[in-house]
Amino acid sequence: MPSFQPRHLILLPVLALSAWLAFLPPAGMPPGAAPSGALVVLCIGLWATGAIAEHLVAMLLFFLAMVFSIAPAPTVFSGFASGAFWLVFGGLIIGAAVDVTGLGKRLARAITARISGGYGAVIAGIVTVSVVLIFLMPSTLSRIVLLMPIVLALAERLGYADGTKGRHGMVLAMILTSYLCSVGVLPANVPNNVLVGAAETSHGVVIRYFDYLLLHFPVLGGVKAVIIAFFLTWMFGEEAKPKAEETSETGPTWAGMSLPEKKMALYLAVALVLWATDAVHGISPAWISLGAGLLCLLPVTGLVSADVYRQKISLNPLIYIAGILAVGALVAQSGLGTWVGAQLIAAEGLQPGNPAEAFAVIAGLGTFLGMISTMPAVPAVLAPLAGDLSEASGFPLFHVMNLIVVGFSTVIMPYQVPPFVIGMQLGNVPLAAGARSCLALALLSVLVILPLDFAWWWLLGMFD
């Protein structure tokens, strides 16, 4: 267990709030919402402070939820049945195969040869590649799984050993860009797709690809990518120490690859094509990842031996992911999210005729609700309340649905976005480093991104 840190003091109000919800719940809460809320608050507090290991918090959640019958087993353990869990499992195998075959190092050498400049150029390159992949691969998790072994190999190539801040910054650049900038593109992540589906099925509001892109990507995607690059360069920048013995090795030419490298490159190419075309063939990115991982393990086609599998594939990140996903399921199943959302709407006192206030309040609702669950749950919770928000603010339903996007584009802590958690586990980035980055970027979003986004909406004539 980590030694006591000042940040652990936050556990005191967390424990108090959890106990209050468990034993003295507010009047009017739906049946089952209070115990679910108490458990969610406790686990989020433990994750946020890092008081105990992340996977142990997830196991505590499973244990308490089942012992006290807070939710049925299918809800508590729903994370193990989710596509995200199996996408990560396949991704762990793919990452191990890319590493042991040497393909990751070869790709890293090719990237290094094209980078001129210091640490800022490296971060800018990673952010640029991540943004491009947003338009090619519709899954944040798939992008992280694909890029992680390449980024790790690039860090090793540049002399950033495991545990160095330069390596952490490179991994976080890829992770943060993969989700935060994908908020502006359909269908690049889960919350976007949930929102569009809910808008059409619940309210008959159709959100088209180009309209969504024009409204959100310039600021929430493009400007945010620039801010991520500059901020991470400032926060994690340190001098690179490239490995001199590798400077003469060639890039990823097919003729120069070993047979294992060629096989791995082929598996990755096929997976990338299938990930990018999932709207055509209908196969989930999770099963594509699992299939690619299985190919890497099979006796004839395999690249990962049994010994490597035992050494490199850990259950801890998988248990953590299942716990994070269970939080969203508990919030949705218990009705806690909908109740909290309704209370917040009633408390805000929105009035028509003040677009700046309405813009900030509705976006803030999405950000706040993401803190008590996960971001994929935000559109599912707020979409049914969009009619009330529309009436209170005077905004059309189309505006309200799109303001929910602005809400889940601001992330306060890593646990709110399962891909963040997954990426940090795969890249061995400490929770504290990820939390500091999210908090700082959230502050920059409030001070810079949200005012710019309001101005962009105004320029587009959204408030006429």
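1. Of the 464 residues in the chain, 55% count as buried. This figure, like every other value in this note, is computed from a predicted model. The accessible surface of the chain amounts to about 19,000 Å², and carbon and sulfur atoms contribute 69% of that area.

2. Overall dimensions come next. A compact globule of 464 residues would have a radius of gyration near 23 Å, and the 22 Å found for the chain agrees with that expectation. Along the principal axes, the C-alpha atoms fill a box of roughly 65 × 55 × 45 Å.

3. As to secondary structure, the chain holds 24 helices and 0 strands.

4. Helix H1, residues 11-23, packs with helix H2, residues 33-49, at an angle of about 170°, and their axes are 7 Å apart. Because angles over 145 degrees count as roughly antiparallel, H1 is described as roughly antiparallel to H2.

5. Which residues of H1 and H2 meet? From H1, the contributors are Leu11, Val14, Leu15, Leu17, Ser18, Leu21 and Ala22. From H2, they are Ala34, Gly37, Ala38, Val41, Leu42, Gly45, Leu46 and Thr49. The residues of this contact comprise 11 nonpolar, 4 polar and no charged. In this classification Gly is counted among the polar residues, a point to keep in mind when reading Gly37 and Gly45 in the list for H2.

6. Two residues deserve a check of backbone geometry. Serine 69 has a phi near 50°, a positive value in a residue other than glycine. Serine 69 lies in the loop that runs between helix H3 (54-67) and helix H4 (73-76). Is serine 69 buried or exposed? Its relative accessibility is 61%, so serine 69 counts as exposed, the cut-off for that class being over 50%.

7. The second residue is asparagine 428, whose phi is near 55°, again a positive value in a residue other than glycine. Asparagine 428 is placed in the loop between helix H23 (418-427) and helix H24 (431-459). With 44% relative accessibility, asparagine 428 counts as partly exposed, because that class lies between the limits of 20% and 50%.

8. In summary, the predicted model shows a chain of 24 helices and 0 strands, with a radius of gyration of 22 Å that agrees with the value for a compact globule. The positive phi values of serine 69 and asparagine 428 both occur in loops between helices.

Methods. Residues are numbered from 1 along each chain as its sequence is written. This is a predicted model: local features need pLDDT of at least 70, side-chain atom pairs count only at pLDDT 80 or more; totals for chains, interfaces and linings use all residues. Side-chain values use heavy atoms; hydrogens and water are left out. Axes are lines fitted to C-alpha atoms, for helices over the stretch in contact, and angles run from 0 to 180 degrees between N-to-C directions. Helices (H or I, at least four residues) and strands (E, at least two) are DSSP runs, numbered from the N terminus. Angles under 35 degrees count as roughly parallel, over 145 as roughly antiparallel, 65 to 115 as roughly perpendicular and the rest as oblique. Contact means heavy atoms within 4.5 Å. The radius of gyration is taken over C-alpha atoms; the globule rule is 2.2 Å times the number of residues to the power 0.38. Buried means under 20% relative accessible area, exposed over 50%, partly exposed in between (1.4 Å probe, protein chains only). Accessible areas come from the Shrake-Rupley method with a 1.4 Å probe; for residues, only the protein chains shown count as cover.
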